[in-house]
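Hi,

Here is the structure I promised to pass on.

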Amino acid sequence: MSVAPSTLYPRARRARNVAAARWHRIGTQTQFYVKTLTSMGDAVVNYRVELIRLIAQMSLGTGALTLVGGTIVIVGFLTLSAGALIAVQGYHSLSNVGIEALTGFIAAYLNVRLIAPLVAGIGLAATIGAGATAQLGAMRINEEIDALEVIGVRSVAYLASSRVIAGIIVVIPLYSLAVLMSFLAARVGTTAVYGQSPGVYDHYFNTFFNPVDLAWSCVTAMAMAVVIMLVHTYYGYSASGGPAGVGEAVGRAVRTSLIAAVFVSLAITLSLYGQAPNLNLSG
Amino acid sequence: MTGVGGFFAMSADTVWAMFRPPFAWREFFKQGWFVARVSILPTLLLSIPFTVMVVFITNILLVEIGAADISGSGAALGAVTQIGPMVTVLVIAGAAATAMCADLGARTIREELDAMRVMGIDPIEALVVPRVLAATLVALLLSPLVTCVGLTGGFVFSVFLQHVTPGAFVGGLTLLVGLPEVVISLVKAALFGFAASLIACYKGTSVDGGPAGVGNAVNETVVFSFVALFVINVIVTAVGVKATT
């Protein structure tokens with residue numbers, strides 16, 4: 001084996017190469033996202049069976065996750081505990097200043113605008129997102145993706161676009177359930193555990209509950225689902241380095257997609273409520 | 001069900017091994033550095049938008065009822081009691097636990113753990129205990145960082161973008177949040193690090209089935225640690241609230 005001749009300024013050169021590789025990765029990532037988004041139509045037209053299979057699989061999860069009830073139960077459970085948190089912390093803090101009657105209002109306001117979309121996004125990234133990365137990564141390591149390309153299947157449309165579409169479709173019932181769970185937990189926590197009368201809670205909850213906000217928060221959840229699925233399919237699709245590489249890809253994908261999802265949610269919140277807060281306290 | 005039993009058995013072994021003399025200091029420092037390295041950037045990137053969002057949403061409400069002056073207390077309440085631990089959960093489970101599980105899973109697949117057992121080295125003592133302790137320590141240290149970054153972000157956002165008086169913001173910080181809340185938030189963070197790293201180590205050491213197995217194990221680590229951590233959060237919050245009133 002011949003040894004490469006030593007170069008001038010090896011450190012600077014190495015630093016430059018690392019920076020160039022990072023820059024290059026942003027480009028390939030963008031290319032992958034654009035390709036995935038543009039071949040969504042292709043996936044709907046040509047790979048419908050795969051799409052339906054993925055939707056079924058995503059709502060229930062794979063492997064050991066099906067045992068505990070799949071994605072639906074996990075996301076529902078996460079929002080349930082977040083709603084319970086509202087009851088505990090909100091009731092406590094509000095009773096510090098003597099207005100614990102307003103817990104219902106806090107539940108209607110914070111659950112819809114803040115907690116349900118964020119928690120649902122986190123749940124999506126952890127369940128269907130990380131699952132997609134694990135699947136695609138394993139396929140890449142076993143050279144199944146190359147095999148697909150060889151037999152003439154457009155792998156981006158077949159694997160990535162179909163997962164993004166399935167994610168968007170799955171997130172709608174999933175998010176509805178998540179919101180219901182968070183309302184339920186906040187109400188039960190406040191009325192049954194802390195002993196506030198249900199009438200007081202319901203009165204403030206119904207007075208300040210804003211259906212338009214709810215619709216927008218569902219849109220936020222869908223946008224987060226798109227971003228999460230894009231990031232996760234990219235990291236799965238480009239996994240390398242054997243079994244350890246798949247694990248690392250899943251970890252990196254979860255990190256990136258959590259950050260991306262939170263920023264998406266922040267951007268939507270700011271653009272929705274930044275100019276007109278759309279909050280009517282006078283009724 | 002076997003998995004649950006196995007998890008508790010391994011947790012008990014780990015706690016037992018923590019107090020027995022041969023302690024893998026080198027591995028502990030290496031893991032601590034590793035966990036800190038993978039989590040520091042996600043921590044900063046997650047805690048800023050999180051707090052800005054909470055501060056923004058609460059400020060809308062406070063401006064509407066004419067109480068923008070106490071937005072500092074809202075920010076402090078959010079950042080210290082909920083966002084600090086919550087972001088720590090996300091980072092520890094999403095970044096540290098996944099990396100840990102991937103690493104251990106790869107070693108299990110390559111039968112390195114079996115090789116260690118053959119050589120008479122207990123993997124729990126040599127690998128799991130330092131990892132669990134390192135993650136607990138780093139989680140404990142991350143939570144104040146999240147809180148500080150969050151409060152700074154909230155301050156900048158409230159004062160420069162929403163025109164809250166800086167003095168009122170700072171003055172309101174300690175209105176609802178005191179030492180007990182800070183201590184509870186630190187306890188939460190330490191518990192999160194402990195639980196998440198135990199789950200990661202269990203899932204990592206019980207991997208089978210090649211690359212797909214490692215991927216699934218990491219996926220399950222994320223899911224289970226999120227679920228466990230949310231539950232811990234609710235329980236510790238409830239207990240803490242009871243204890244401080």
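**What I found**

Helix α2 of chain B has a kink of about 35 degrees at B:S39, shortly before the proline B:P42. The bend at a residue is the angle between axes fitted to the seven residues ending there and the seven starting there; helices are DSSP runs (H or I, at least four residues), numbered from the N terminus. α2(B) covers residues 25-64, 40 residues in total, and spans 55 Å from first C-alpha to last, close to the 58 Å expected at 1.5 Å a residue (1.5 Å times one less than the number of residues). Just after α2(B), B:G66 adopts a positive phi of about 70 degrees.

A note on provenance: this is a predicted model, where local features need pLDDT of at least 70, side-chain atom pairs count only at pLDDT 80 or more, and totals for chains, interfaces and linings use all residues. Residues are numbered from 1 along each chain as its sequence is written, and chains are lettered from A and ligands numbered from 1 in the order in which they are written.

Now the interface: 52 residues of chain A and 49 residues of chain B take part in the contact (C-beta atoms, placed from the backbone, within 7 Å). On the chain A side, α4 (64-67), α5 (70-96), α6 (103-141) and α11 (242-273) each supply at least two residues. The largest share, 18 residues, comes from α11(A).

Best wishes

How values were computed: Contact = placed C-beta atoms within 7 Å.
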